[in-house]
Amino acid sequence: GLSIKKSDLHIPMNNKNHHTEEISTDRLIVRRGQPFTVTVNFSAPIRNYLQQMKRTFLIAQTGRHPSEADEIQIEFPIASLGDKKQWSAALEKQDLCFWTLSVNTPANAPIGHYTLLLRASQSSYFLGKFILLFNPWCRADEVFLPNEAQRQEYILNQDGVIYWGTENAVVAQPWDFGQFEEVIVDICFTLMCVGEHHQGAKDLTQRKSPVHVCRAVAAVLNCNKLKRILTECEAGQYHSGTSPSKWVGSSPILRQWIVSQYQSVRYGQCWVFAAVMCSVLRCLGIPTRVVTGFTWAHNTKGRLSVDEYYNEDGTLLTQDECARIWTFHVWNECWMARADLLPKYSGWQALDATCQEKSKGSPSFCGPAPVHAIKEGDTEVDYDVCYFFAAINAKCQVWIQKAGDTPKPALSATKYTGNNISTKSVGSEHCKDITHNYKYTEGSFKEKEVLDKAYRNIQKLETTSSSSTTLFSSIPIALEDPVNLFIQLRSSHSLQLGQDIPLSVEVFNYSGGEKAAHLVVGIQSLHYNGVPITQLWKKDFHFNLQNNKVNTLEVLVPYSTYGKELGEQHLLRLTAMLRDDDSCYTYFAQEDISVSDPLLTIQLPENMVQYQPSTAKISLLNPLPEPLEQCVIAVAGRGLIHRQRKYRLGSVQAKSTQELQVPFTPMRAGPRRLTAHFTCRQLQNLKSYETTDIAAA
């Protein structure tokens, strides 16, 4: 009878054509909507089996687990011409004992692990296994991205940048997405299974939808308590785990989760969730990027107002209330057509795996939400547009809490959210401002129109909601500020660690008469999520303010007062509180500043060539008036250095520079990044990176 000697899946050729050669060179990994080639070698000339070969089919089987490989089974004939829109196989070449087939998968096929069989007459023959991914190169796929440079960035680039800091002092942090590392693709499908189980999704055909896949992945990242990938905890409390700021890539997190049999990895915060999400979705074929929003209203439950409470010294108080203004927040955007919504909502979709306080029964992640819907204030659109809209459009009211008294509103400039939304540029390391994708220009007629529309939607929700707490609450009526005094606080937006802090406070009196006033200026360290760490410095001043005069106060706060208790992100909040002794009104101003790490630089030789030895020079400048102790530099670079290397430097003396020579031999050509991560007793999160182009040998 008919038998097959062997089959050739042409893995190197197929994987290269499908942009998956970086994932594997020994497993067939293809993208849907694009044909791949298979050659079947029969054990005897085909003419001997003409009767059996009259009805010949291919069978593709897939399942949630390898043991359920036939959960979905598709049978399709081998013809002279294949149907590009369906599962099909076309006979491209035939010889005495060979068939070369072109196998086509539909652009809406469920992604997953597949088994390919050949059926002739009543017998089936195993041809091989393959993995099917989304295809942003295929025009008919929902994730089709028309720009090749964007496909290179948002699918194929494994070297990322994540932004921290403040809106006026953005800090770039390198991240190794590593989406094509060995076994990562298998881990991605495993975590998708866990997410589907958590969501109660039983229909495997849902895997054809990028919306479904995004929500399944988000569900297991931080929100599925049983098998979630990462544990979130309060900033600064990282006992028996890894501080989120110490992670430099996704692969160690995903591998640890698998090796520990789905034990949650400790610890992660918003940028770690977003980075791992980016790795998984890029691996599966969904164009994805990491986005940072500066001044973000978190856990508002859709409300457009957030309250901040300060004591009489200007110290931010920790509230039981979950809603807070975060200095920055990190989420994802994924590119896809929204087949479930109007065509105008296709394109970039916001997806946030960080847990949010939402209505009971709702998943605690958000999205995918059309960025266009967020910009237009279409808060009723799925999924969770209202939460994103509130987070970047809420206004903050400052309250002064005196001991034993009810809070009173402070008179201050309105604090807005969503002032700077940024992501890495395509094909470069530069930071790109994409705020205009989310919001119209502040103060424009269009912005007012969108806010009015959102308020109308809010009122509808409030009148139709049967819940005692509304999902979406409007802004409180603005206070009528008495036009008496005005206060302005200025400082450098970014300081080098070790520098003193220059403060300037200007007080204007236009009350019509002389005023006696009490000014309190303070500095406190802050976690990125708005949680205060400690009060570092405070000073009181008393003024007699002349009418129509400006009083200017210049203060220099020494490094010694703030250097010991900086948080992980080196964020400081400067406050100035002015009390009018006559009216008892309190005027308030604040400024957030970022303290920059010491200078860590990497120098690479020009014109490096694959397989030729080179040397990198890493320099560290210690700007502090004290030695840096127990210094270690970890160096890594895919295609440049085989494994991460650690160099122990001992101590780096005060106000001095130390250099390190790192020999290496580039093993891969093309754009490559070298990353250095410096730690010492005083500092834990100093990273630097340099990208170069390696010429092919």
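Four cavities of 30 Å³ or more are counted in this predicted model, a cavity being a set of points, on a 1 Å grid over the protein atoms alone, where a 1.4 Å probe fits but cannot get out. Volumes are the space filled by probe spheres set on the points, with grid points joined across faces, edges and corners. Because the model is predicted, local features need pLDDT of at least 70 and side-chain atom pairs count only at pLDDT 80 or more, while totals for chains, interfaces and linings use all residues. Residues are numbered from 1 along each chain as its sequence is written, and side-chain values use heavy atoms, leaving out hydrogens and water.

The largest cavity has a volume of about 100 Å³. Its lining (residues with an atom within 4 Å of a point) includes Asp-307, Tyr-309, Leu-317 and Pro-532. Strand S15 (305-310) gives the largest share, three residues, and strand S16 (324-336) also supplies at least two; strands here are DSSP runs of E with at least two residues, helices are runs of H or I with at least four, and both are numbered from the N terminus. By class, six lining residues are nonpolar, three polar and three charged, where Ala, Val, Leu, Ile, Met, Phe, Trp, Tyr, Cys and Pro count as nonpolar, Asp, Glu, Lys and Arg as charged, and the others, Gly among them, as polar.

The second largest cavity, of about 60 Å³, has Glu-153, Phe-177, Arg-282 and Lys-424 among its lining residues. Helix H2 (148-156) and strands S10 (159-166), S14 (288-298) and S23 (420-424) each give two or more residues to this lining.

Of its 48 lining residues, Asp-176, Glu-181, Gly-637, Arg-638 and His-642 are the closest to the centre. Strand S38 (670-679) is one of the elements giving two or more residues, and its five residues are the largest share. The lining divides into 17 nonpolar, 14 polar and 17 charged residues.

The second largest pocket has a volume of about 850 Å³. Closest to its centre, among 35 lining residues, are Ala-413, Thr-414, Lys-415, Ala-589 and Gln-590.

Terms used:
1 Å grid on protein atoms, 1.4 Å probe; cavity = no way out; pocket = protein on both sides within 12 Å on 5 of 7 lines; lining within 4 Å.
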